[in-house]
Every structure is written in C-alpha cells, then in structure tokens.
Amino acid sequence: MDALGDFLPQFGIHTDFVKHINDLAEVESKIGPDTRAIFAETVANPSTEILDIEPLSQLAHEHGIALIVDNTVPTPYLLRPIEFGADIVVHSTTKGITGHGNAIGGAVIDGGHLDWANGRFPQFTTRQQVISDDRNGEWHSFAERYGNEAFIKRIRIKYLRTFGAVASPFNAYLSLIGLETLPQRVSQQVASAQRIAEHLNHAAHVMKVNYSGLGYTPQYELVGKYFPRGVGQILSFLVDGSADNVRRIIDGTEVFSYVPNIGDARSLIVDPARITHREVPLDARIAAGVGDNLIRLSIGLENVDDLIADLDQAIANAY
Ligand SMILES: *Cc1c(COP(=O)(O)O)cnc(C)c1O
C-alpha cells in the first residue's frame with residue numbers, strides 16, 4: 001500500500017485500488033487505456049483472504065495486460081500461481097522462503113507467456129541503447145530481442161546490471177539454505193496453524209478467527225481449488241475488550257516473539273493496528289479488517305501444544 005500509493009507515483013506509476021479483488025466487474029471498471037497490469041496478493045495479510053487467480057487472469061488477458069501476484073504469504077510450496085494463469089509472481093524472500101528472519105530479499109518470477117509487443121507496453125517496444133549492437137549502430141527493443149522473455153530480461157539488464165539491485169552473496173546464501181527446508185517447515189507450520197485456528201475458534205474472549213482453512217468461511221471452495229496443502233501459517237483473531245487487553249495478551253506470551261515478520265521458524269505475534277498497518281489511513285485500515293482488537297500470528301516450528309498453552313495462559317491473564 002505504501003509502495004503503490006506513495007512511492008511508485010513518484011516514478012509515474014499510478015494505482016487504482018478496488019474494494020474486492022475477486023469482484024471482476026469492479027476490477028474491470030478500473031481498466032483504462034493506460035492500464036498495464038493488475039496487482040494482487042494471492043493470500044492477503046492478515047485477513048488470509050484468497051485470490052481467485054483464474055478468472056482474474058482471464059480478465060487481464062482479455063485486456064492485454066499482465067496479472068502480477070505477490071505470493072509471499074503462501075510461498076511456492078503451497079501455491080504456484082503461474083499454473084493458474086498469473087504472468088509475473090513476486091515474493092519477499094525475507095519471509096517463508098528464507099524462513100529464519102535473517103536476510104532481506106525478493107524474487108521476481110516471469111511465466112514467459114505474455115506478449116509484451118501487443119501495443120500496451122511501450123517500454124518493451126521502444127528501441128534502447130542498453131541492448132544496442134553498437135558495432136552495427138543498431139538499437140533494439142526488449143520485445144524484438146527477447147520476445148516473451150522481454151520482462152525478465154529487462155529486469156536483469158536494467159535493474160540488476162545497470163542499477164545494481166542485487167542481493168549480497170551472504171544474503172543469497174542464507175536464502176538458499178532456507179529454501180532447502182521450505183516444504184518441511186511450511187507443511188508443519190500449516191498443520192499447527194490449522195490446529196491453533198480451530199482451538200481459538202472456541203476460546204474465551206476470542207470473537208472471530210480469520211483463517212481461510214476453517215471450513216465455514218465463504219472462501220472454502222477456493223481453498224479446495226488452490227490450496228490442497230492448506231492456506232498457510234498466518235492467522236489473525238479479534239478479541240473482546242480494549243487495546244489494553246490486546247497489549248496484555250501480547251506481553252503475556254512467552255513462546256511467541258513480538259516481531260512483525262512472517263513465515264519465520266519462530267512463532268510471532270503482533271497487533272497489526274500498531275505495527276504493520278500503523279501508517280495506513282484509518283478508513284483503509286478498517287476496510288482491511290485491521291481494527292485495534294486484532295491480533296496476528298505467524299506460526300513457527302515449536303511444539304503446537306506449547307503454542308496453544310501459551311496463547312491460553314496469555315489470554316486468561318489479560319482480563
Ligand atoms: C513483507 C512483505 C513484503 C515486503 O517485503 P520486504 O522483504 O520486507 O521488502 C511484500 N509483500 C508481502 C505480502 C509481505 O508480507
């Protein structure tokens with residue numbers, strides 16, 4: 001939201017926001033002649049709302065634009081969006097992929113399917129010096145030179161090589177070490193998150209649990225379609241009482257760490273209204289379901305019974 005609403009406009013890139021990303025009519029109403037892409041999170045943080053990728057990718061392709069998805073929350077272990085029609089997938093590798101909160105990084109994956117020369121994307125069809133053949137005095141465009149790989153080649157050649165936006169070797173090493181255990185970590189975390197969500201669903205002082213893996217949510221069909229291995233290790237819940245009760249619950253946990261990261265090997269707890277969504281205007285924060293009494297968890301690798309007992313004692317002692 002900060003990046004799309006505040007930072008990218010300084011580079012001439014503007015965003016129209018929609019209320020409901022799965023409402024195709026609302027999304028289509030925002031597509032104009034200068035639209036280049038639809039951008040969405042595959043699983044929203046902290047609501048865990050699921051994106052219906054297939055119809056959205058059809059809509060994007062009817063208009064000749066790209067569907068770019070942020071797949072950070074589920075990680076590639078739980079969801080491979082290109083198989084459902086996404087064109088570009090981005091990840092913060094800082095989270096589940098690296099998995100230990102020890103290296104900041106990101107990854108961009110291009111499915112290689114979009115025709116970047118369809119008239120919508122002048123920066124891929126304009127001839128540029130950066131890929132020139134100087135000996136013959138010829139400049140090329142990325143689309144001419146690389147076809148459907150124009151997007152990822154442009155990132156490599158312009159942003160990695162020219163701007164120097166590369167990961168440090170040590171961070172890359174930590175990320176690769178983390179990646180080796182991605183399936184083992186995420187599968188255990190998902191199983192624990194599911195048990196914790198079910199437990200909190202019946203716990204005193206808990207008014208509502210946001211976790212798409214619980215059978216009663218309206219999105220249950222999307223879980224079956226996109227997430228046969230579960231929806232992930234993040235969940236959030238609303239408690240009764242005041243911001244003071246929320247603070248006491250968070251302070252009272254002993255196994256959970258009060259840290260805004262997600263996808264870590266350690267279990268993390270946070271009050272999004274004060275931490276991750278602090279800079280979001282109040283109306284947008286409420287629209288995202290982030291009230292003052294919301295608590296978000298990212299489940300790690302500790303014993304699940306210890307995690308449940310920790311939450312139970314923290315809640316009991318906070319009132
Ligand atoms: C954390 C996060 C980002 C930003 O990643 P950084 O590595 O902190 O720059 C982007 N998208 C999602 C869904 C995230 O959780």
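With a relative accessibility of 4%, Asp 271 counts as buried, because the cut-off for that class is under 20%. The model is predicted. Asp 271 sits in the loop that runs between strand E10 (268-270) and helix H12 (282-287). Apart from neighbours within four places in sequence, the residues in contact with Asp 271 are Val 246, Ile 250, Tyr 258 and Leu 294.

Helix H9 covers residues 182-200. Its 19 residues, at 1.5 Å a residue, should span 27 Å, and the 26 Å between its end C-alpha atoms agrees with this. Leu 182, Arg 185, Val 186, Gln 189, Val 190, Ser 192, Ala 193, Ile 196, Ala 197 and Leu 200 are the buried residues of H9. An α-helix has 3.6 residues a turn, so residues three or four places apart point the same way. The buried residues of H9 pack against helices H4 (75-78), H8 (169-179) and H13 (304-316), and against strands E7 (206-210), E8 (234-239) and E11 (294-298).

The ligand is surrounded by Asp 70, Thr 72, Ser 92, Thr 94, Lys 95, Gly 105 and Ile 262. This shell divides into 1 nonpolar, 4 polar and 2 charged residues.

| Ligand atom | Side chain (N or O atom) | Distance |
|---|---|---|
| nitrogen | Asp 70 | 2.6 Å |
| oxygen | Ser 92 | 2.7 Å |
| oxygen | Thr 94 | 2.6 Å |

On its own the ligand has 390 Å² of accessible area, of which the protein covers 59%.

Terms used:
Residues are numbered from 1 along each chain as its sequence is written. This is a predicted model: local features need pLDDT of at least 70, side-chain atom pairs count only at pLDDT 80 or more; totals for chains, interfaces and linings use all residues. Side-chain values use heavy atoms; hydrogens and water are left out. A residue is near a molecule or strand if one of its heavy atoms lies within 4 Å of it. A polar contact is a pair of N or O atoms within 3.5 Å; within protein, one must be able to donate a hydrogen and the other to accept it, and residues adjacent in sequence count only if both atoms are side-chain atoms. Accessible areas come from the Shrake-Rupley method with a 1.4 Å probe; for residues, only the protein chains shown count as cover. Ala, Val, Leu, Ile, Met, Phe, Trp, Tyr, Cys and Pro count as nonpolar, Asp, Glu, Lys and Arg as charged, and the others, Gly among them, as polar. Helices (H or I, at least four residues) and strands (E, at least two) are DSSP runs, numbered from the N terminus. The expected span of a helix is 1.5 Å times one less than its number of residues. Buried means under 20% relative accessible area, exposed over 50%, partly exposed in between (1.4 Å probe, protein chains only). Contact means heavy atoms within 4.5 Å.
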